[in-house]
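Please work through the exercises below with the sequence and the model at hand. Each task is followed by a solution that goes step by step.

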Number of protein chains: 2
Amino acid sequence: MTKPVILTGDRTTGPLHLGHYAGSLRTRLRHQDDHDQYLLLADMQAMTDNAQEPAKVRRNVIEVALDYLAVGIDPTRTTICLQSHLPALAELSMLYLNFVTVARLERNPTIKDEIRARGFGRDIPAGFLCYPAAQAADITGFKATVVPVGEDQAPLIEQTNEIVRRINATAGSDVLPEAQAVIPKSGRLPGIDGRTKMSKSGGNAIPLSASPDAIRAAVKAMFTDPGHLRVEDPGRIEGNAVFTYLDAFDEEETALEELKAHYRRGGLGDGTIKKRLEEILQELIGPIRTRRKHYAEDLTYVIDVIRRGTERARERTETTRRDVVAALGLFQL
Amino acid sequence: MTKPVILTGDRTTGPLHLGHYAGSLRTRLRHQDDHDQYLLLADMQAMTDNAQEPAKVRRNVIEVALDYLAVGIDPTRTTICLQSHLPALAELSMLYLNFVTVARLERNPTIKDEIRARGFGRDIPAGFLCYPAAQAADITGFKATVVPVGEDQAPLIEQTNEIVRRINATAGSDVLPEAQAVIPKSGRLPGIDGRTKMSKSGGNAIPLSASPDAIRAAVKAMFTDPGHLRVEDPGRIEGNAVFTYLDAFDEEETALEELKAHYRRGGLGDGTIKKRLEEILQELIGPIRTRRKHYAEDLTYVIDVIRRGTERARERTETTRRDVVAALGLFQL
């Protein structure tokens, strides 16, 4: 039996951090065996809202690839590939734009939210409005049926499937499969300040390359329960970043439950829970940092990984493009 | 000295007619020697408002190519190429979409008019709204500096040049040249019914493959001066399709001026001027029809012409794409 095809990836706008690890990277490690997994270094999607900073987009192609290898993505089992070097994806994007209306793109809740969040107003780059069609090209180009997304991105997969249905209806055959959005059970990891989103620009992130000192400082600064002033006071677990992180990374569930109960009834200081979290994070990030440093000293290898993965991806996406063109009955030389 | 590069072409939505001959094809014949001329069979642009009819778009790739060869386009001097087979154009299109806002595309007068004319309302295909960016990719992909356009399309070239200036500003170098719109002196040829636009769908066109009988019938049915009832009546030249056609195709200028004067003062019947026009059109279209029939019987040759031209165009457009990516400093494997 062939393995289900999974497409995921990251915009190359910055190195990845612990939030990415909790939200997606560690799931990808698990998928390496039971899925045919493609990781897209999405430099073209990064350009949709970073057109003025192509150098940043370029630089982070390597940073993100280093993060992938550092966490343990194995390029012999997972295909790491570069979006800008897969022309079939651009060709499918341009084709798909004819199968979606401007009104429909404008109604997309994800796009609406992001336009607001980025403060674009009326000056949305056309590429940004159109990126759901490009994402449909990414997903269908690989004929992926499984797409892990954040909860707020589920409408993008629905948009992809609408395009798939239109293409299939026009072609009169099921040339493209529909994709299923898989929303991770673990929620989003908050920043160390307890705010909902960990982000590099928010200054509340722990990068995957963080030094032992930086990890220590981050945990020390971490938001707990502002009402928990003395050790003997009862403390709150909800909204307490340290416990959210322990929930995400502490594998000793029973011990963690006991810790929580103790904290709730009082008598457990923030220093103790932070010490535990720090140990766990040092143990988690230590080997990642070491591997990342190792690969960063061998960029020829990293570039070769991207090159070979992109070659494989190029074949796969070009085959899909030809299938779609043939199914629609467009001219083929 | 290198010749100026000229890009022009046609959407592959139907065979060409006498209006195309007067408006663009015969100018292209003249450009074969003094320009490096590319003719784009624009099947992807055709899809922007014909997405439901890919078979029509496919079929007309050959029809338009036949028209080119039939009027005397020489594939050793002019490059005939197929848009859908030039991936660099799709890649540049997707890139350029990040350098133009949705608001700017919506303000484009050509797009506004065409949205109205096609009755799209709010349901504009995104590909249609975005086609000025695709056209910018076509033009700059060939580094064309001369672009012949109808008067109503001049804003599209301005749009292209805006994108060029943004790319150059971001790159910090003049990687792309600006293009100049060349608007033909001869106005648009009216339909045989005297209406301003000759079009196949309007049923008022004379196709380049018209038979002698069809030409005769078309001229016979042609709109003249509805007030010119008896031969001895004075007749009007303005709005008289027969004279507009004579202006376009009669090369004996002095004789034509005398004919006009005679018609104006009366004593010249519609039959006489139509006879003259019919002779001219039979003489013009006859050899075109013969050549078209000849090539239609040798489709292997026609496809080979498209294939070889597309190969040449692929190299040129891919070089441009690489230049742009390098100038912007995006990642290159």
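How are helix 11 of chain B and helix 13 of chain B oriented to each other? Before starting, note that this is a predicted model, in which local features need pLDDT of at least 70, side-chain atom pairs count only at pLDDT 80 or more, and totals for chains, interfaces and linings use all residues. Residues are numbered from 1 along each chain as its sequence is written, chains are lettered from A and ligands numbered from 1 in the order in which they are written, and side-chain values use heavy atoms, with hydrogens and water left out.

**Exercise 1: solution to the opening question**

Step 1. Helices (H or I, at least four residues) and strands (E, at least two) are DSSP runs, numbered from the N terminus. Helix 11 of chain B covers residues 241–249 and helix 13 of chain B covers residues 270–296; their axes come within 10 Å and cross at roughly 40°. Axes here are lines fitted to C-alpha atoms, for helices over the stretch in contact, and angles run from 0 to 180 degrees between N-to-C directions.

Step 2. Angles under 35 degrees count as roughly parallel, over 145 as roughly antiparallel, 65 to 115 as roughly perpendicular and the rest as oblique. Helix 11 of chain B and helix 13 of chain B are therefore oblique to each other.

Step 3. Contact means heavy atoms within 4.5 Å. On the side of helix 11 of chain B, the residues that meet helix 13 of chain B are B:Val242, B:Phe243, B:Tyr245, B:Leu246 and B:Phe249, and their counterparts in helix 13 of chain B include B:Ile273, B:Leu277 and B:Leu284. Sorted by class, this contact has ten nonpolar, no polar and two charged residues, where Ala, Val, Leu, Ile, Met, Phe, Trp, Tyr, Cys and Pro count as nonpolar, Asp, Glu, Lys and Arg as charged, and the others, Gly among them, as polar.

**Exercise 2**

Step 1. Among the residues that make the contact are B:Ala88, B:Glu91 and B:Leu95 of helix 4 of chain B, together with B:Arg314, B:Glu318 and B:Val324 of helix 14 of chain B. By class, the contact has eight nonpolar, two polar and four charged residues.

Step 2. At 21% relative accessibility, B:Glu318 counts as partly exposed; buried means under 20% relative accessible area, exposed over 50%, and partly exposed in between (1.4 Å probe, protein chains only).

**Exercise 3**

Determine how strand 1 and strand 2 of chain B pair, and how covered they are.

Step 1. Strand 1 (residues 5–11) and strand 2 (residues 36–42) of chain B pair in the parallel sense over seven bridges, and two strands pair if DSSP finds at least two bridges between them. B:Arg11 has B:Ala42 of strand 2 of chain B as its bridge partner.

Step 2. Strand 1 of chain B is mostly covered, with five of its seven residues buried. Strand 2 of chain B has six of its seven residues buried, so it is largely enclosed by the rest of the structure.

**Exercise 4**

Is A:Leu86 buried or exposed, and which residues does A:Leu86 contact?

Step 1. A:Leu86 lies in the loop between strand 3 (78–82) and helix 4 of chain A. With a relative accessible area of 1%, A:Leu86 is buried.

Step 2. Leaving aside neighbours within four places in sequence, A:Leu86 is in contact with residues including A:Leu40, A:Phe142 and A:Arg314. A:Leu86 and A:Arg314 are 228 residues apart along the chain, yet their C-alpha atoms are separated by 5.5 Å.

Step 3. Helix 4 (residues 87–96) of chain A has ten of its ten residues buried, so it is largely enclosed by the rest of the structure.
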